[in-house]
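Student: I am new to this structure. Please take me through one part of it closely.

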Amino acid sequence: MDLTALWWFWILLLFIFTFLLGILAVMAGVGGGVLFTPIVGSFFPFHLDFVRGAGLFIALTASLAASPGLLRRGLASLRLAMPMALIASTSSIAGALVGLVIPTNIVQVLLGLAIIFIFFVMLRAKRAEFPLVEKPDKLSQVLKISGLYYEESSNELVEWKVHRTWQAMVLFVLVGFMAGMFGLGAGWANVPVFNLVMGTPLKIAAGSSMFVISVADTAAAFVYLTSGSVLALITIPSVLGIMLGSFIGVRLLAKVNPRVVRLIVLAVLLFAGVRSLLKGLGIWV
Amino acid sequence: MKVEVPKEQLVYARILGYGTKISILVIAAAYIAYITGILPHYIEFDKIVELWGKKSHKFVEETNTPTGWEWIGLVMYGDFLNLLLLTFLSFLTIICYSAIIPVLVAKKDFIYFVIALVEVVVLLLAASGLIVAGH
């Protein structure tokens, strides 16, 4: 019997794949869509339109499942994330509209280049786990963006504050637009902006990134939904798989060392970037 | 060692936590009912398998699937009931933001009150169906 001709074979495979992806996505501080879209788009028989639609819901549900635990533990900050989420969600609507009409191979090449660029930026960063912020900027003081969280791996309270807030806001316009355009979550960009530009500790960056994804992808998901690019048969098992995986991943997040989280983020970024670039260039289709 | 988490953050987390868990259960049940044939199909699975490799606008054309929010009238079919439940997931963010607005007002946190209010407006605009991408 040819299993590949059967709908349930692909749906079962999709569920198992997204469950594993859900565990990794939370620990890496990404929505999962950044891996889901290139891999499922390449190795499953679904058209990229439906894969991108499902990818957005994947990223959205992973972040929805992870956010309550992160917010309760103080590993995500509403004061940090809300202004950025507003900017990202607004621009993600515009990005979604563009993403549904732009040629797919161009989108893939641009995405690959962007992710590989971010990989190298993070690789060279010397203070990624606990960046040094000597003096908070005026905008962050007006918005009262600062906080305290418990670092389980070293058993100490870590105080954090931020700088370069308006520069980060400008970047979130771009991040939100790209998230909507590519039909992906944007943890791969949110984490470096929070961590390297604003100077938040890596765990706060990863946690708050989840919150921003949940808001920005909500806006973009509505555009895909009303444009006929969401297919329930493949989106639902993906969503269920990623949610179940995320519940396990969020429990592991507080226990792992920040250095391990950083390595996972780097591995995720490099793989997804190379995959997107090669696919866009038609080398690894 | 424990850190103090702001009240609006706890409110947001509580609603989102319950909403997500309930959604998982309902979506799982509806999806099982859909794939086992308990709920009727608008598009048969054989037809979906035949068309899931084609562009979405081709899929929409060949299956006569409504776009925008017109599919809401077809929620008696498993296909669209499941789509409706996915839509509910998207609405969770709007519900959570609406819930923290009174908390921000009580704290006299004017800046974040405005941010939350504008966010709700932006998300409702996206959900309105007025913004639809053509292929």
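How many helices and strands does the secondary structure of chain A come to?

Tutor: Chain A comes to 11 helices and two strands. Helices (H or I, at least four residues) and strands (E, at least two) are DSSP runs, numbered from the N terminus. The model is predicted: local features need pLDDT of at least 70, side-chain atom pairs count only at pLDDT 80 or more, and totals for chains, interfaces and linings use all residues. Residues are numbered from 1 along each chain as its sequence is written, while chains are lettered from A and ligands numbered from 1 in the order in which they are written.

Follow the sequence of chain A and the pattern reads α-α-α-α-α-α-β-β-α-α-α-α-α. The radius of gyration of chain A, taken over C-alpha atoms, is 18 Å, close to the 19 Å from the globule rule for 285 residues, so chain A is as compact as a globular protein of that length. That rule is 2.2 Å times the number of residues to the power 0.38. The C-alpha trace of chain A spans about 65 × 35 × 35 Å along its principal axes.

Now look inside. Of the 285 residues in chain A, 64% are buried (20 or more other C-beta atoms within 10 Å of a residue's own, with C-beta atoms placed from the backbone). Contacts count when two C-beta atoms, placed from the backbone, lie within 7 Å. Among contacts in chain A between residues at least 6 apart in sequence, 85% join residues at least 24 apart.

Last comes the partner chain. In chain B, 56 residues are in contact with 55 residues of chain A. H1(B) gives the most to this side of chain B, with 12 residues.

Conventions
A residue is buried if 20 or more other C-beta atoms lie within 10 Å of its own, exposed if 12 or fewer, and partly exposed in between; C-beta atoms are placed from the backbone.
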